[in-house]
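Please look over the structure below before reading on. The notes that follow are grouped by topic.

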Amino acid sequence: MANKKDEERLSYMLGLLGRKRESQFRVDPKDQEQPGDDSEYEDIYTNHQKRDMIQRIANPEYAFNPVASLIEDHYVSATRNTQEDTEMDILEAYKENPKLHFDRDSHLNYIKRSLESKLPHYYKSLDANHPWMMYWLANSYSLISDEPLFSDIKELINDKITRCIVRDGLGGIAGGSNQIGHAASTYAGILALVSTENYELLDKIRPNLYKWYMSLKLPNGSFRMHVNGESDTRSTYCVLSVAALLNITSEELVEGTAEWLQTCQTYEGGFAGVPNTEAHGGYTYCALASYFLLYSHKKEFSKENSFDVDGLVRWAVMRQYGIEGGLSGRTNKLVDACYSFWIGALYPLLESITDQSDLFSREALGHYILRCSQSQKGGFRDKPGTSVDFYHTNYTLCGFSICESYFTLEDKEEKEDKEEKEGKEEKEDNPQKPLAFALKYKLVKGDISLTKVINPVYGIPFELAQACRSYFITKDHENAS
Amino acid sequence: MATDYNFDDVETVKINEETPQLCQILYDDEYKHTIGILLGLLQIREYSERALYLTEKALELLASHYTIWIYRYDILVHLNKDLFEELDWCEQVALENEKNYQIWNYRQLIITRILATTDESSKKKFDPHREFPILQSMLESDPKNHHVWSYRMWLVKKFNLFKDDRENEFVNKCISADLWNNSAWSHRFFLKFSQEKDIPEETFATEKVYVQDYIIESPQNPSTWNYLTGIYKKYNKSIVDLEDFCLKFVDIEKIDDPNYVKSSFAIELLAKIFVKQQKNEASIQLYDILGSKYDPIRSNYWDYEKKKLISH
């Protein structure tokens, strides 16, 4: 048992936290509210209420309508209660927003307003995220606008990122000017520069970024975020994804990385940030996307030392919920629209590996996005009752784009055989072309979509990622010859 | 606390104030002033008491400013500060910034440094149990805080607390307080099964009984079913053993009647067991009813599982 001193410290700490909000549960079950007759009654009552609501909002013309589980489990706990409350909030949102519409003009306004107007002082919470703000907003714009970014906006994006670049890239890109370089800020900064197609600047910093990345590499195969920083699947993805875009990947850079990633898959099938922690949507995205950057042949997924694809498929599809239609990031956690991308992007990647065109319900996710996450004033939010923000707007739009497209992997072996017969050689890319750049897409609805197709390994428009890599492949070819 | 440090000689730097600028934050004066001086000191690599003081002020204003954490660590090392005091101070910051994660990586750095700079006989030997109160209060407030659980995992591994009584008691309590807390189950799996060499056979048996009791208490909980199938996979045991257990939750004869179905996970596991028993037809029927009735949101996935059986 804890000694007296520990107990004093604990009660002091709880006091501090209690000032802010009520503790959600007591570790000692005696203190916890027991399910008695009242809550039993309440449980039945809400279930009745829920079914009634579901019946009332059902629209026979829709491919998705919320469905309550026919299986009843009367266990009560904090997790069950918050889940129950969230389901009711979401059903309420479905009732209030019966129509499936996409308010493009409001979103474009929201994005422009966010870029151009001055942000109140409490936005200082994003002061270490300047490149992220540029990526989230520029990318949201690119996904839904028919017009390219205005040239003055492009210039200002370039200015901002330039101020965050540390020693021409030798120290990476920082979260703000005069801060220290950070692999995630670098990732966001590079994606923003890819959006503005500023290849000149990218070309200038890419040899230095390579050196910086090598300095972040750990003996286990993963990468650190920065000097003395954490290393996990996220930092590793941030490095690999930029390296592939700028064509600076080398054998040395990726040595041991796939082997390390494999140790992050958990007993549940998803990936954790580091071995032995809980499987999580964001880290799982980073892990699977990393495999698409490390592997160049589909058959590598069936290698003995690769990860368990079936286990990951199962974990990924379990993230979609029947009443909400949206996606959660972990087992027994609530839906959140940002997982429309972090989890949502797993599906097309897994579909391309398994040759299955639909592993999840695109319709259901689309309903959650348009009817529960979309704000009529522009932007997207986590869930009803929360506010829109740049982050959720970008990742929800990315997720919506995934609902509108299918992906397959071009069969490289077949293609190579064919080309050999025809006496052709693949010249446009190097022989180790990562799978991320071997994806092919088609639109779900034939030829119309509300958003641009994204590359699910990047969360930026498909053509922009392709154009950037092609630019550097060509450039390196020319330099070599 | 000393406030009489003088910074008049420091050249402050701009913190994203240039105009015109996209997403320009209208910093309050205190923030602009503090961060401006601090980043100025960082540029000239000043490792001093006044810089240390200012990092504290700055982190009070914005705990997620990772640059300041990195700088603060370097200052501590240069000034050879008492690292135990630093851990105490850190706890305050953690409690005031529950969602912050930089602090947990920082704490690992500090402890790693303590271990590297003290020896066994030192009076200042680090006792990992000193971490339990802060971890407990953080997890009571947010029982699924991913960063705190990750830090807890690191601590257990670093100090070999796998069999520590207090650690095991804690995770038991977290689970019994909320059987649906998946973070607690994940941590349990780590405690019981992550050491490659040293997992005794009896752990399999005791954990199986432990989780099965909780499945009976709440049969539609994905966390417990994942744990159960997870240990079968870990020990390479055949899931066919679980047929009778699954049949507690579903009456195959009356499967169309929801009154006879207590768990969709039992149906799913039975479908997999039937495949192992070469009863593919029976398995396909179960996938069909999952897709049409008990788990329709995943009907595409159940179709995919079915297709795999037909094509093989």
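In α3(B), the buried residues are Tyr66(B), Thr67(B), Ile68(B), Trp69(B), Ile70(B), Tyr71(B), Arg72(B), Ile75(B) and Leu76(B). This is a predicted model. Chain B contains 15 helices and zero strands.

**Helix α3 of chain B**

- Helix α3(B) covers residues 66–79, which is 14 residues.
- From first C-alpha to last, α3(B) reaches 20 Å, close to the 20 Å expected at 1.5 Å a residue.
- Its buried residues pack against four helices of chain B: α1 (29–43), α2 (49–61), α4 (83–96) and α5 (102–117).

**Helix α13 of chain B**

- Helix α13(B) runs over residues 264–276 and has 13 residues.
- At 1.5 Å a residue it should span 18 Å, and its end C-alpha atoms are 19 Å apart, which agrees.
- α13(B) is mostly covered, with 10 of its 13 residues buried.
- The buried set is Ser264(B), Phe265(B), Ala266(B), Ile267(B), Glu268(B), Leu269(B), Leu270(B), Ala271(B), Ile273(B) and Phe274(B).
- These buried residues pack against α11 (222–234), α12 (243–247) and α14 (280–294) of chain B.

**Helix pairs in chain B**

- Two packed helices are described by the angle between their axes and the distance between the axes.
- The axes of α10(B) (residues 201–217) and α11(B) come within 9 Å and cross at roughly 160°.
- An angle over 145 degrees counts as roughly antiparallel, and α10(B) and α11(B) are therefore roughly antiparallel to each other.
- Their crossing, α10(B) with α11(B), is left-handed.
- On the α10(B) side, the residues that meet α11(B) are Phe204(B), Glu207(B), Lys208(B), Val211(B), Gln212(B), Tyr214(B) and Ile215(B).
- On the α11(B) side, the partners are Thr224(B), Trp225(B), Tyr227(B), Leu228(B) and Ile231(B).
- An α-helix has 3.6 residues a turn, so residues three or four places apart point the same way.
- Helices α7(B) (residues 146–158) and α9(B) (residues 182–193) pack at about 15°, with their axes 11 Å apart.
- That makes α7(B) roughly parallel to α9(B).
- The α7(B) and α9(B) crossing is right-handed.
- Trp149(B), Arg152(B), Met153(B) and Val156(B) of α7(B) meet Ser183(B), His187(B), Phe190(B) and Leu191(B) of α9(B).

**Chain B as a whole**

- Chain B has a radius of gyration of 27 Å, whereas a compact globule of 312 residues would have one near 20 Å.
- Its C-alpha trace spans about 85 × 60 × 35 Å along the principal axes.
- Of the 312 residues in chain B, 41% are buried.
- Among contacts between residues at least 6 apart in sequence, 54% join residues at least 24 apart.

**Cys468 of chain A**

- Cys468(A) lies in helix α19 (residues 462–480) of chain A.
- Is Cys468(A) buried or exposed? It counts as buried, because Cys468(A) has 25 C-beta neighbours inside 10 Å.
- Leaving aside neighbours within four places in sequence, Cys468(A) is in contact with Val194(A) and Leu245(A).
- His182(A) is 286 residues from Cys468(A) along the chain, and their C-alpha atoms are separated by 22 Å.

Key. Residues numbered from 1 in each chain as written. Chains lettered and ligands numbered in written order. Predicted model: local features only at pLDDT ≥ 70, side-chain atom pairs only at ≥ 80, totals over all residues. Helix = DSSP H or I, 4+ residues; strand = E, 2+ residues; numbered from the N terminus. Expected span 1.5 Å × (residues − 1). Buried ≥ 20, exposed ≤ 12 C-beta atoms within 10 Å, placed from the backbone. Contact = placed C-beta atoms within 7 Å. Rg over C-alpha atoms; globule rule 2.2 N^0.38 Å. Axes fitted to C-alpha atoms, helices over the stretch in contact; angles between N-to-C directions. Parallel < 35°, antiparallel > 145°, perpendicular 65-115°, else oblique. Left-handed = near helix turned anticlockwise from the far one by under 90°.
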